[in-house]
Amino acid sequence: MNIYAHRGNSGFFPENTMYAFEKSLDLDIYGIELDVQKTKDGVLVVLHDETLGRIFDGKGSIKKLTFDELREANLNDEKLKDKTNCKIPTLEEVLELIAPTDLNLNIEIKNNKVKYKDIEKDIVNLIKKYKMENKVLISSFNHKSLKIVSKLNSKIKTAYLVGPSTFKYRNLKKVLKICKDCKCTCIHPSYDVVNKEFVDEAHKKGLLVQVYTVNSITIMKKLIKLKVDGVFTNYPKIIKTIVND
Ligand code: G3P
Ligand code: MG
């Protein structure tokens with residue numbers, strides 16, 4: 001079972017910060033998941049939201065702010081806001097941290113709401129720079145991005161993210177066809193859309209099924225029975241206790 005620390009070890013440390021990633025290094029898990037956006041001046045940054053305000057103070061869209069402006073933002077947490085490893089990190093800073101370790105990395109391109117020009121190319125170039133093609137998996141809710149990634153570098157694996165809204169417009173057959181067209185090796189469903197038929201049909205197509213975001217032991221037990229291949233969790237240490245392999 002591949003266990004990923006979702007947004008770093010984010011149940012206990014501030015999500016998508018170097019602090020949360022550093023605190024994932026000795027968890028003895030498969031990998032780390034993070035989210036990527038792009039600043040006005042073209043820097044790839046690790047942040048879940050398209051805007052400031054929820055995790056970091058300040059206002060505005062990431063797309064309209066420069067990296068220096070973003071770096072000024074502090075965590076909305078009085079105790080942690082002055083820590084240097086609690087600023088918005090660049091993707092490059094995280095790759096430097098993860099490259100020498102045994103951990104795998106799932107880079108989620110957050111471009112289903114906002115379009116970022118050439119974000120796929122920039123990410124692929126950075127992965128090449130750190131020679132991480134074999135330990136990175138790129139995912140997105142935007143399947144067009146996955147197709148671009150696989151055309152840019154067929155060595156880098158990709159995963160299609162599917163949640164309840166995906167199924168408003170498509171059935172499972174269509175979703176699996178998208179995975180095939182985009183040459184995905186994995187499918188990443190939300191825990192509330194996955195069931196036996198989903199897992200079995202995806203497996204028949206040769207896809208690994210890795211489920212997000214699993215923060216409950218009860219749900220995890222159900223997923224183990226369904227034979228999913230991996231999970232994303234904010235609590236890797238706890239989820240690990242009920243997994244045998
Ligand atoms: O990549 C899995 C999961 O992170 C997708 O949803 O909103 O937590 O980025 P979200
Ligand atoms: Mg994510």
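**View 1. The largest nonpolar core of the predicted model, with 74 residues.** Leu91, Ile107, Ile123 and Ile187 touch the most other members of this core. A nonpolar core is a set of buried Ala, Val, Leu, Ile, Met, Phe, Trp, Tyr and Cys residues joined through side-chain atoms within 4.5 Å; buried means under 20% relative accessible area, exposed over 50%, and partly exposed in between (1.4 Å probe, protein chains only). A second, separate core has seven residues, including Tyr4, Leu137, Ala159 and Cys186. In soluble globular proteins, nonpolar side chains tend to be buried together. This is a predicted model, in which local features need pLDDT of at least 70 and side-chain atom pairs count only at pLDDT 80 or more, while totals for chains, interfaces and linings use all residues. Residues are numbered from 1 along each chain as its sequence is written, chains are lettered from A and ligands numbered from 1 in the order in which they are written, and side-chain values use heavy atoms, with hydrogens and water left out.

**View 2. Contacts of Ile107.** Contact means heavy atoms within 4.5 Å. With neighbours within four places in sequence left aside, Ile107 is in contact with Leu34, Val36, Leu91, Leu95, Ile123, Ile127, Val136, Leu137, Ile138 and Ser139.

**View 3. The surroundings of ligand 1.** His6, Arg7, Glu33, Asp35, His48, Glu108, Lys110, Leu161 and Tyr212 surround the ligand (a heavy atom within 4 Å). By class, this shell has two nonpolar, two polar and five charged residues. Ala, Val, Leu, Ile, Met, Phe, Trp, Tyr, Cys and Pro count as nonpolar, Asp, Glu, Lys and Arg as charged, and the others, Gly among them, as polar. Oxygen atoms of ligand 1 lie 2.7 Å from an N or O atom in the side chain of Glu33, 2.7 Å from a polar side-chain atom of His48 and 2.8 Å from an N or O atom in the side chain of Lys110. On its own, ligand 1 has 290 Å² of accessible area (Shrake-Rupley method, 1.4 Å probe), and the protein covers 90% of that area.

**View 4. Asn16, in the loop between β1 (2-6) and α1 (18-22).** Asn16 counts as buried because its relative accessibility is 2%. Its side chain is joined to that of Asp35 by a polar contact of 3.0 Å. A polar contact is a pair of N or O atoms within 3.5 Å; within protein, one must be able to donate a hydrogen and the other to accept it, and residues adjacent in sequence count only if both atoms are side-chain atoms. Among the residues that Asn16 touches, beyond four places away in sequence, are Glu33 and His48.

Terms used: Helices (H or I, at least four residues) and strands (E, at least two) are DSSP runs, numbered from the N terminus.
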